[in-house]
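Here are my notes on this one, written as numbered points. Have the picture open while you read, and follow along from point to point.

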Amino acid sequence: MENNKKHLGYGEITYKGLLKISEYIERHKNKNSQFLDIGSGYGKSVRLIAEINYIKSFGIEINAERNNIAKKTSYSNQNGWTNYIYGDILDRLLMLDNFDFILCNNLLFDDITTQKIIDNCKKNSTIFLTKIDGIDINNVHHEVMNINVSWTNKLTKMYKIII
Ligand SMILES: C[S@@+](CC[C@H](N)C(=O)[O-])C[C@H]1O[C@@H](n2cnc3c(N)ncnc32)[C@H](O)[C@@H]1O
């Protein structure tokens, strides 16, 4: 990943878009459920899910500056439940086994990275992706949602995949 910088591009799911994910989590969570945002940027989803869904909420972000800003600006009444990890998900694929709900706004990720993420998610977990081209999802249940994003006023497809 070091030489190709495309994956460092930035855009966010808006609050309205995140609320759709939060509603799904609320309906399907249990007391041990945990959320992970892969490529958590400035940490917006991590705080929102901790504050609304009251589950432990993690972000992993490859860009140090973004991750530091996420930590510094994490003013939340749920700070004990928010965690911002600096790193590359490809170096920590085994951590995926801990999460029931995963957001990965992967529009700029290469297909191999997305496939490795899917292959390491735990059984029955749900992953929300913004791109599934080039991904093998033949054996998994998936649905399309329309969500609000920062880079266009039009609704954008998000793919909800149950592993
Ligand atoms: C499009 S932004 C998504 C921000 C936020 N998660 C959202 O959806 O609102 C994608 C983020 O993924 C990060 N990223 C890209 N490749 C990564 C990797 N291999 N591991 C961790 N983070 C990565 C980028 O630096 C960028 O901040």
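1. From α1, Tyr 15, Leu 18, Ser 22, Ile 25 and Glu 26 meet Ser 45, Leu 48, Ile 49, Ile 52 and Asn 53 of α2. Contact here means that C-beta atoms, placed from the backbone, lie within 7 Å. By class, this contact has 6 nonpolar residues, 3 polar and 1 charged. Nonpolar covers Ala, Val, Leu, Ile, Met, Phe, Trp, Tyr, Cys and Pro; Asp, Glu, Lys and Arg are charged; the others, Gly among them, are polar.

2. A word on what you're looking at: this is a predicted model, where local features need pLDDT of at least 70, side-chain atom pairs count only at pLDDT 80 or more, and totals for chains, interfaces and linings use all residues. Residues are numbered from 1 along each chain as its sequence is written. Helices (H or I, at least four residues) and strands (E, at least two) are DSSP runs, numbered from the N terminus.

3. How do α1 and α2 pack? Helix α1 (residues 15–28) makes an angle of about 45° with α2, and their axes are 10 Å apart. Axes are lines fitted to C-alpha atoms, for helices over the stretch in contact, with angles from 0 to 180 degrees between N-to-C directions. That angle is why α1 counts as oblique to α2.

4. Now the sheet. It is open, with 7 strands in the order β3-β2-β1-β4-β5-β7-β6 and mixed pairing. Strands pair if DSSP finds at least two bridges between them. At the edges sit β3 (82–86) and β6, each pairing on one side only. From one strand to the next, the twist averages 20°.

5. Helices lie on this sheet too. α1 touches β1, β4 (101–104), β5 (126–129) and β6, and its direction makes about 145° with that of β6. Helix α3 (residues 64–72) lies across β2 and β3, at about 160° to β3.

6. Which strands form a hairpin with 2 residues between them? They are β6 and β7. Strand β6 (residues 141–149) pairs with β7 (residues 152–162) in the antiparallel sense, over 8 bridges. Val 144 has Tyr 159 as its bridge partner, and Val 149 stands opposite Thr 152.

7. Last, the ligand. Among the 25 residues around it, Glu 12, Gly 39, Gly 41, Ile 62 and Asn 105 come nearest; a residue is near if its C-beta atom, placed from the backbone, lies within 6 Å.

Notes
Angles under 35 degrees count as roughly parallel, over 145 as roughly antiparallel, 65 to 115 as roughly perpendicular and the rest as oblique. Two residues are in contact if their C-beta atoms, placed from the backbone, lie within 7 Å.
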